[in-house]
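The sequence and the structure are shown first.

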Amino acid sequence: MIYTKENFPEIASERHQILTAVTYGLFGLLFVAMLVLLVALPLSIQLEHNSQLSKNEMIFNAIYFPLVLCGIWGLYKNYQRHRRKKVILIYIDRDGLHHEQFDGTVKSVLYKELGKSTEPYINDIDRKIGTKYSPSYIFGFKDGVRVPIHFSTAENGLSYIPKNRNQLIAHFLKGAALFCPHLKVSPAVYSDYFIDPNTLEFNKKAQGITYFIIFIILIAVLLGIDLLTKYTMGFSLLF
């Protein structure tokens, strides 16, 4: 559908319940593992073979476990403080992108505030390639400085993962084309998120085909490695 400045609609994120549950579950497992490492492991070492605690061990426990308890309490308070800033909804309207937080605060990236790129070989709206430490994200420029434009959040225990993330990106780019047409969007943004640069629509079919090809390639690589080990070392890794 072709939108104008007058009829440009608002769309909101739809939370991905499964991925959110998996993320929170992994965070919970990490917390339990930390408790086991800090609490259960020292106690199990001290109490192995049903031996009684020595005087030195009792002194160590009297100092160590209160410190661990204080550390856990500090982590809990820090989590509660950051929880108030947790994103609970992402929506896009004719003004731009908005993150609604748990405490009612709304943080926005407005179309009217976006400007031209001040960096060579970087487009006005571009994307940063992800690393093993941080995911990729789209960014623009405000007053000559990069401004991240996040369509999901990835924080320990506070992640917000929309299942319509690519649709949100496509809608944001439609708004950018309407309200700030002077800005140039990087072709990498279109290709990375399967958005047709002509219609600015999310191409779900292209995404499915790409993921299927990647899956087939991974299977082929695994089978190739398995055959190599079978004929060079005499055993199979998969069968």
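## Basis of the model

This is a predicted model, in which local features need pLDDT of at least 70 and side-chain atom pairs count only at pLDDT 80 or more, while totals for chains, interfaces and linings use all residues. Residues are numbered from 1 along each chain as its sequence is written, and side-chain values use heavy atoms, with hydrogens and water left out.

## Overall chain

The chain contains five helices and seven strands. Helices (H or I, at least four residues) and strands (E, at least two) are DSSP runs, numbered from the N terminus. In sequence order the pattern is β-α-α-β-β-β-β-β-β-α-α-α.

The radius of gyration of the chain is 25 Å, whereas a compact globule of 239 residues would have one near 18 Å. This radius is taken over C-alpha atoms, and the globule rule is 2.2 Å times the number of residues to the power 0.38. Along the principal axes, the C-alpha atoms fill a box of roughly 80 × 60 × 35 Å.

## Surface and contacts

The chain has an accessible surface of about 15,700 Å², and 65% of it belongs to carbon and sulfur atoms. Accessible areas come from the Shrake-Rupley method with a 1.4 Å probe; for residues, only the protein chains shown count as cover. Of the 239 residues, 29% count as buried. Buried means under 20% relative accessible area, exposed means over 50%, and partly exposed is in between (1.4 Å probe, protein chains only).

Among contacts in the chain with a separation of 6 or more, 55% come from residues 24 or more positions apart. Contact means heavy atoms within 4.5 Å.

## Helices α1 and α2

Two packed helices are described by the angle between their axes and the distance between the axes. Helix α1 (residues 17-46) packs with helix α2 (residues 55-83) at an angle of about 175°, and their axes are 12 Å apart. The two helices are therefore roughly antiparallel to each other. On the α1 side the contact is made by F31, M34, L35, L38, V39, P42, L43 and Q46, and on the α2 side by E57, F60, N61, Y64, F65, V68, I72 and L75. By class, this contact has 13 nonpolar, two polar and one charged residues.

- Axes are lines fitted to C-alpha atoms, for helices over the stretch in contact, and angles run from 0 to 180 degrees between N-to-C directions.
- Angles under 35 degrees count as roughly parallel, over 145 as roughly antiparallel, 65 to 115 as roughly perpendicular and the rest as oblique.
- Ala, Val, Leu, Ile, Met, Phe, Trp, Tyr, Cys and Pro count as nonpolar, Asp, Glu, Lys and Arg as charged, and the others, Gly among them, as polar.

## Loop residues

N123 sits in the loop between β4 (106-110) and β5 (126-128). N123 is buried, at 15% relative accessible area. Leaving aside neighbours within four places in sequence, N123 is in contact with S117, F141, K184, V185, S186 and P187.

Y121 also lies in the loop between β4 and β5. Y121 is exposed, with a relative accessible area of 84%, and its phi is near 65°, a positive value in a residue other than glycine. D143, in the loop between β6 (137-142) and β7 (145-149), has a positive phi of about 55° although it is not a glycine. D143 counts as exposed at 73% relative accessibility.

## Residue K5

K5 is found in the segment before β1 (11-12) and is partly exposed, with a relative accessible area of 44%. Not counting residues up to four places away in sequence, K5 touches R94, L178 and F179. The C-alpha atoms of K5 and L67 are separated by 59 Å, and these two residues are 62 residues apart along the chain.
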